[in-house]
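Please open the model in your viewer and keep the selection tool at hand. The stops below go from the whole chain to single side chains.

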Amino acid sequence: MTDQGKNGSGFGSCCEELKEVLEATDFDPLIAASDDGVLYMSIGMLDAEENEANVIDHLLFFCPFCGTKLQTREEVEAKSGGQDDAS
Ligand SMILES: [Zn+2]
């Protein structure tokens, strides 16, 4: 296990399931790390009447597969600059 952080975020080192999801290339994962290194999961979709899909994301604090604590709210706020800037 020396390839920790291979996907740039450091997530996926807790179990193979999360690692596979984050490194998936043959399907579109509903769990993904943002450029800020914050892990999100898609929890639902709004009705897309236009061409854009409206996916609702939610912060993910624990691995859904093995239950490992992946990040804290403080870490997320620090990584995202401490402000809720969705742009
Ligand atoms: Zn895990």
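This is a predicted model: local features need pLDDT of at least 70, side-chain atom pairs count only at pLDDT 80 or more; totals for chains, interfaces and linings use all residues.

Residues are numbered from 1 along each chain as its sequence is written, and side-chain values use heavy atoms, with hydrogens and water left out.

Next, colour by secondary structure: the chain has two helices and three strands, which run α-β-β-β-α from the N terminus on. Here helices (H or I, at least four residues) and strands (E, at least two) are DSSP runs, numbered from the N terminus. Of the 87 residues, 23% count as buried, where buried means under 20% relative accessible area, exposed means over 50%, and partly exposed lies in between (1.4 Å probe, protein chains only).

Now select Asp47, Glu49, Glu50 and Glu52, which form a negative surface patch. Patches are made of residues with over 30% relative accessible area and no salt bridge, like charges being joined within 9 Å and nonpolar side chains (Val, Leu, Ile, Met, Phe, Trp, Tyr) within 5 Å. Lys and Arg count as positive and Asp and Glu as negative, whereas His and the chain ends are not counted; the place of a charge is taken as NZ of Lys, CZ of Arg, CG of Asp or CD of Glu.

Move on to Ile43, Leu46 and Ile56, which make a nonpolar surface patch of about 270 Å². Ile56 lies in strand β3 and is partly exposed, with a relative accessible area of 35%.

Then select Phe61, in the loop between β3 and α2 (73–79). Is Phe61 buried or exposed? At 17% relative accessibility, Phe61 counts as buried. Not counting residues up to four places away in sequence, Phe61 touches, among others, Leu70, Gln71 and Val76, a contact being heavy atoms within 4.5 Å.

Finish at the one salt bridge of the structure, where the side chains of Lys19 and Glu23 meet (3.5 Å, N to O); the term requires a side-chain nitrogen of Lys or Arg within 4 Å of a carboxyl oxygen of Asp or Glu.

How values were computed:
Accessible areas come from the Shrake-Rupley method with a 1.4 Å probe; for residues, only the protein chains shown count as cover.
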